[in-house]
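Student: I have a new model to look at. Could you walk me through how to read it?

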Amino acid sequence: MKTNLVLIGMTGSGKTSIGRKLSAQLAAPFIDTDLYIESLTNQTISELFKISEQYFRTVESEVCKKLASEVTHTVLSCGGGVVLNQENIQKLKQTGWIVFIDRPVDDIFQDIQTKNRPLLKDGKNKLYQLYKDRINLYREAADFIVENRSTMDDVIQEIENFFLKTVQKGEGK
């Protein structure tokens with residue numbers, strides 16, 4: 001049965017901030033998969049990427065499998081590249097609804113520190129390329145798409161409305 005809300009989207013789209021506030025409003029636990037990976041491996045995401053992106057993606061996939069099978073009634077915020085492996089999405093969909101938080105790239109670039117993001121060390125053009133490469137994967141994976149173009153409270157309200165409507169319909173069994 002589906003009980004989790006799984007937030008996906010580009011780095012800087014608001015997944016973690018929205019996820020934390022959403023989990024508080026729903027009285028549900030919150031897990032940021034990148035932070036979970038860091039605590040599990042005792043290494044930062046940047047350190048894992050220095051080993052190789054493939055190494056990081058392998059760890060990320062193992063974490064997706066683990067969380068999909070072990071947590072319930074939880075809000076999960078996934079790293080931006082989680083959609084690169086369809087097995088991640090398949091596992092997460094077994095126990096959760098996938099919510100794509102779509103935010104304009106220009107807004108993302110204004111808000112984030114690219115030096116702390118391994119895939120963005122090359123700057124703004126890399127962010128646009130990642131968006132172009134991933135946008136269809138996000139859309140295909142999503143059970144619900146919310147545009148993050150207004151306030152965080154508006155975005156959270158849209159997600160809550162989707163979640164409550166879905167639960168009331170009895171979907172996800």
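Student: Is R57 buried or exposed?

Tutor: Buried means under 20% relative accessible area, exposed over 50%, and partly exposed in between (1.4 Å probe, protein chains only). R57 has a relative accessible area of 12%, so it is buried. Do keep in mind that this is a predicted model, where local features need pLDDT of at least 70, side-chain atom pairs count only at pLDDT 80 or more, and totals for chains, interfaces and linings use all residues. Residues are numbered from 1 along each chain as its sequence is written, and side-chain values use heavy atoms, with hydrogens and water left out.

Student: Which residues does UniProt list for "binding site"?

Tutor: UniProt positions follow the numbering used here, with shortened feature names, and annotations may be inferred rather than shown by experiment. The unreviewed entry lists D34, R57, G80 and R134.

Student: Where is G80 found, and which residues does G80 touch?

Tutor: Helices (H or I, at least four residues) and strands (E, at least two) are DSSP runs, numbered from the N terminus. G80 sits in the loop between β3 (75-77) and α5 (86-95), whereas R57 belongs to helix α4 (residues 53-70). Contact means heavy atoms within 4.5 Å. Leaving aside residues up to four places away in sequence, G80 touches G9, T11, K15, R134 and Y138. G80 is also buried, at 12% relative accessibility.

Student: What pattern does the chain follow along the sequence?

Tutor: The order is β-α-β-α-α-α-β-α-β-α-α-β-α, with eight helices and five strands. Buried residues make up 48% of the 173 residues in the chain.
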